[in-house]
Amino acid sequence: FPGLTDVSISEDIPVEGEITVPVGSHSPDEDFSTLDEPVRDTIMRDLKAVGKKFVHVMYPKKSSALLRDWDLWGPLVLCVSLALMLQGGSADSRDDGGPQFAEVFVIIWFGAVVITLNSKLLGGTISFFQSLCVLGYCVLPLTVAMLVCRLVLLAGSGTISFIIRLIVVIAMFGWSTLASTAFLADSQPPNRKALVVYPIFLFYFVISWMILTFTPQ
Amino acid sequence: LAYLAMYLFAEFDDAANLLAANPDATTISIDEPVEIPKNQHSHLQEPGREEDDELLGTNDSDKMELLAGQKKSAPFWTFDYYQTFFDVDTYQVLDRIKGSVFPVPGKNFVRLYIRSNPDLYGPFWICATLVFTIAVSGNLSNFFIHLGKPTYHYVPEFRKVSIAATTIYAYAWLVPLALWGFLMWRNSKVMNIVSYSFLEIVCVYGYSLFIYIPTAILWIIPQEVVRWVLMIFSLCLSGSVLVMTFWPAVRDDNRRVALVTVGTIVLLHALLSVGCLAYFFDAPEVEVPAPIIPAQNGTVITKSQ
């Protein structure tokens, strides 16, 4: 550009202004650094978020809190507690018994990943971790069912206890499936909803089967 | 050009014979690698195929057929490439399942339902359902068979789930691979009119396994005769889907090779179902023979049941 070779910024004119672009709203994290706050506050904030999501699962309404602020703490806690409670059901050395800890873990996480991939491949608009978050949190009713089953089994293992356990597991299985469907179904194309809901049904059915067939030694 | 003309006339002969026998039959569609004849081919048959489309009630137009060659253009390392294999709606999946359970003699499953839109949703989830159905049904049936015995302690037998998964997924993916390789090899020696892509073969095998899901549930009934009747029935249904799909692909070959191929397909299918029945479901108890009760005066009286 021949006309600009002699352009220079004069030393007399001060150059000033703001380099940073003003952001519309500051998120709370930018107001203070979490390094300065007491550890208790940090932990309580995360625990409150997890607890709020538990409440959302037990009373599934069309709120977006579960989707917007996803986290995987809740699913991890639920998965570990479920896998721990399913221990003690393994048989003797023939190892023909129930699932081991690693098997429960793998089934839950691998199953959730496969269902998420399936819904994304079918054209869903939900993000990968949001879907994992919802599927993990909706294991909560089944964890409650496992707790109830273990308590009932402490009382006895006859036919009546089996019927009680059957009813509880079926009810919680329905609750889990309905809760996760309520959160996930909206993000799917309308003519493929059944294709997305069926694997979720199969996933919770397998977990329910593991819970129902748990027999202590 | 002369070859193309000869080929087209052979096609019309075939189509005329088939149409005479069954007015609703669709015509053969060629697989993707043969690009040039396909465009002219479907163009020439447009009026007939539209009519067939209406009869079948689907809305797959010829535009989809012509564009099918351009569908899978994304490179294989992108997510979009795999999305093309899940491009099915609920009603399409249900139609394909229905077509595998009620095979109509003379109609080819691939031509009729897949129509160059093979999907991986059906095979994958039908196999997953079948794995868990067999494991759960086997466990339930063993529980009911051994219920009254005092020495029986119920075990969930979770190991069998992984064995079932390995078996069924290996069957549903390795056998189509072998069959596809074999058909490609024969195609290089003998020009066959009909050839299938690997995904179409996986699709047929996956959907043909659907009939085993209700069969596995019914296998809970602890009667040997009932189980064998069910197995033969489902073997006939799914075997006929496979035979009707693959017979047109090998019938132009050497007679013996064609028969051996189709026979091997049916034999492997039978082996799968017999193996599943034998391994996951314990044999129901044989009727206890009549106990012999020694009578008081020394003679032996056999108590009849």
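Visitor: Among contacts in chain A between residues at least 6 apart in sequence, what percentage join residues at least 24 apart?
Guide: This is a predicted model. In chain A, 74% of such contacts join residues at least 24 apart.

Visitor: How many helices and strands are there in chain A?
Guide: Chain A has nine helices and zero strands.

Visitor: Let us change topic. How many residues of chain B are in contact with chain A?
Guide: On the side of chain B there are 25 residues, in contact with 32 residues of chain A.

Visitor: What area is buried there?
Guide: The size of an interface is often given as the accessible area lost when the parts come together. Between chain B and chain A, about 2,600 Å² is buried, and carbon and sulfur atoms give 64% of that area.

Visitor: Which three residues of chain B supply more of its buried area than any other three?
Guide: They are B:W125, B:F158 and B:R159, which supply 25% of the area that chain B buries against chain A.

Visitor: How many salt bridges are there between the two chains?
Guide: The count is three. In a salt bridge between B:D87 and A:R192, the side chains meet at 3.0 Å, N to O.

Visitor: Which helix supplies the largest share of the side of chain B that touches chain A?
Guide: That is α8(B), with nine residues. The helices α5 (79-83), α6 (90-101) and α8 of chain B each supply at least two residues of that side.

Visitor: Now to α9(B). What should its span be, and why?
Guide: Helix α9 of chain B, residues 159-189, has 31 residues; at 1.5 Å a residue, it should therefore span 45 Å. Its end C-alpha atoms are 45 Å apart, which agrees.

Visitor: Where is the kink in α9(B) centred?
Guide: The kink, of about 30°, is centred on B:Y171. B:Y171 is also one of the buried residues of α9(B), which include B:I168, B:A172 and B:V175.

Visitor: What covers those buried residues?
Guide: The cover includes α8 (121-145), α10 (198-208), α12 (224-250) and α13 (255-280) of chain B.

Technical notes: Residues are numbered from 1 along each chain as its sequence is written. Chains are lettered from A and ligands numbered from 1 in the order in which they are written. This is a predicted model: local features need pLDDT of at least 70, side-chain atom pairs count only at pLDDT 80 or more; totals for chains, interfaces and linings use all residues. Side-chain values use heavy atoms; hydrogens and water are left out. Helices (H or I, at least four residues) and strands (E, at least two) are DSSP runs, numbered from the N terminus. The expected span of a helix is 1.5 Å times one less than its number of residues. The bend at a residue is the angle between axes fitted to the seven residues ending there and the seven starting there. Buried means under 20% relative accessible area, exposed over 50%, partly exposed in between (1.4 Å probe, protein chains only). Contact means heavy atoms within 4.5 Å. Buried area is the accessible area (1.4 Å probe) that two parts lose on being put together, summed over both. A salt bridge is a side-chain nitrogen of Lys or Arg within 4 Å of a carboxyl oxygen of Asp or Glu.
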